[in-house]
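Here's a quick briefing to read alongside the structure. Have the viewer open and follow the topics one at a time.

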There are 2 protein chains.
Amino acid sequence: MAENKFNSKDMIARCVPMSRLQSVIGGKWKILILWYIAFYKVQRFGELMRRLDGITQSTLTKQLRELENDGFLHREIYKEIPPKVEYSLTEFGESFVPVLETMIAWSESYLCPDYKNPYEK
Amino acid sequence: MAENKFNSKDMIARCVPMSRLQSVIGGKWKILILWYIAFYKVQRFGELMRRLDGITQSTLTKQLRELENDGFLHREIYKEIPPKVEYSLTEFGESFVPVLETMIAWSESYLCPDYKNPYEK
DNA sequence: AGATATAGTATGATTTTATATACTATGTTT
DNA sequence: AAACATAGTATATAAAATCATACTATATCT
């Protein structure tokens, strides 16, 4: 049996950042949205709608607002007609990109091993 | 404006591993459960219950079953009274540990910067 | 004989998440 | 004059996730 060198109180305390991470990137679309914005430079609401197969406008709006409130995204509004809004990563959002990279690398190797990225040799 | 060197079809295809990852580690408790098992060597149902503040038995059971079905966890049943079951990472589950490490490192640095891990200098 | 321990299951209620549908604004194009 | 484009909002509904509560089994301890 493995030994546990942490006591109960420490274990609970240590868990806090993981809990926060869960609450911040949980949700059915968030890492996908961040992924599109970070790696494919998708910036427009309409394009995200087309990419995220099956999402509704109100759900996308809600997820984007939460990502904005949590500091990942910047939302630039242009006073034009028809309306134009561009989403981009904040500095904080950029800091999360290596985590996304680790996630996608693992997913491609272990979760979808038959998946072939056409841009890698 | 950033250029996008991927066409629409590729973008959708490329997204698949991220979608699967989302479906596999989404949910309110899963990365937390994996974290406890991987880093604190928690193996028993009852101990997980005590760690995961607020989770109910049925929810914990469901999450553990899903992690087992998705290949992350091994569930070893001992034919004893009172019942004894031990959870541990499979080889596949172990492959995910570096991702968990990246997640927690980012969370500690960026999400909970005031959090102090008592076991690091 | 009754309490204790562990790992659950069963049922139904509640909360959270997501969906469908209709609607808004207004400059430009047909 | 009507249609189009974009980025939404509003309202109501449905589906999924989670929770609360009560219950099961049975060897061992008191």
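What pLDDT does chain A average, and what share of the residues score at least 70? This is a predicted model, and chain A comes out at an average of 86, with 83% of the residues scoring at least 70. Below: confidence, the DNA surface, one lysine, and the aromatic rings.

**Confidence in chain A**

- Helix α1 (residues 8–14) of chain A is where confidence is lowest in that chain, with a mean of 55.
- At the other end of the scale sits helix α6 (residues 91–95) of chain A, where confidence is highest, at 97.
- Where pLDDT is low, the predicted coordinates should not be read in detail.

**Around DNA strand C**

- DNA strand C is surrounded by 20 residues, and the closest are A:Lys28, B:Arg44, B:Gln57, B:Arg75 and B:Pro83.
- Of the atoms of DNA strand C that come within 4 Å of the protein, 68% belong to sugar and phosphate.
- As for elements, at least two residues each of the surface near DNA strand C come from α5 (57–69) of chain A and from α4 (45–51), α5 (57–69) and β2 (84–89) of chain B.
- By residue class, that surface near DNA strand C splits into 7 nonpolar, 8 polar and 5 charged.
- For the phosphate, look at B:Gly46: one of its backbone N or O atoms lies 3.1 Å from a phosphate oxygen of DNA strand C.
- For a base, look at B:Gln57: an N or O atom in its side chain is 2.6 Å from a base nitrogen of DNA strand C.
- B:Pro83 takes part through its backbone, with a polar atom there 2.9 Å from a sugar or linking oxygen of DNA strand C.

**A:Lys30, a lysine tucked away**

- A:Lys30 belongs to helix α3 (residues 30–40) of chain A.
- Is A:Lys30 buried or exposed? Its relative accessibility is 3%, so A:Lys30 counts as buried.
- Beyond neighbours within four places in sequence, A:Lys30 is in contact with A:Val24, A:Ile25, A:Gln63, A:Glu66, A:Leu67 and A:Asp70, plus B:Gln22 from chain B.
- A:Pro83 is 53 residues from A:Lys30 along the chain, and their C-alpha atoms are separated by 24 Å.

**Aromatic rings across the chains**

- Over all chains, the structure holds 18 aromatic pairs.
- Take A:Phe96 and B:Trp106: their ring centres are 4.6 Å apart and their planes sit at 65°, so this pair is edge-to-face.
- That pair crosses between chains, running from A:Phe96 in the loop between α6 and α7 (97–111) of chain A to B:Trp106 in helix α7 (residues 97–111) of chain B.
- Both partners are buried: A:Phe96 has 1% relative accessibility, and B:Trp106 has a relative accessible area of 4%.
- A:Trp106 and B:Phe96 also make an edge-to-face pair, with centres 4.6 Å apart and planes at 65°.
- This pair crosses between chains too, from A:Trp106 in helix α7 of chain A to B:Phe96 in the loop between α6 (91–95) and α7 of chain B.
- Here A:Trp106 is buried at a relative accessible area of 4%, and B:Phe96 is buried at 1% relative accessibility.
- Which residues do ring pairs link into a cluster with A:Phe96? The cluster consists of A:Phe72, A:Phe92, A:Phe96, B:Trp106 and B:Tyr110.

Terms used:
Residues numbered from 1 in each chain as written. Chains lettered and ligands numbered in written order. Predicted model: local features only at pLDDT ≥ 70, side-chain atom pairs only at ≥ 80, totals over all residues. Heavy atoms only, no water. Near = heavy atom within 4 Å. Polar contact = N/O pair within 3.5 Å; in protein donor to acceptor, adjacent residues only side chain to side chain. Helix = DSSP H or I, 4+ residues; strand = E, 2+ residues; numbered from the N terminus. Nonpolar A, V, L, I, M, F, W, Y, C, P; charged D, E, K, R; others polar. pLDDT = per-residue confidence, 0-100. Buried < 20%, exposed > 50% of the residue type's maximum accessible area, 1.4 Å probe, protein only. Contact = heavy atoms within 4.5 Å. Phe/Tyr/Trp six-rings, centres within 6.5 Å; stacked < 30°, edge-to-face > 60°.
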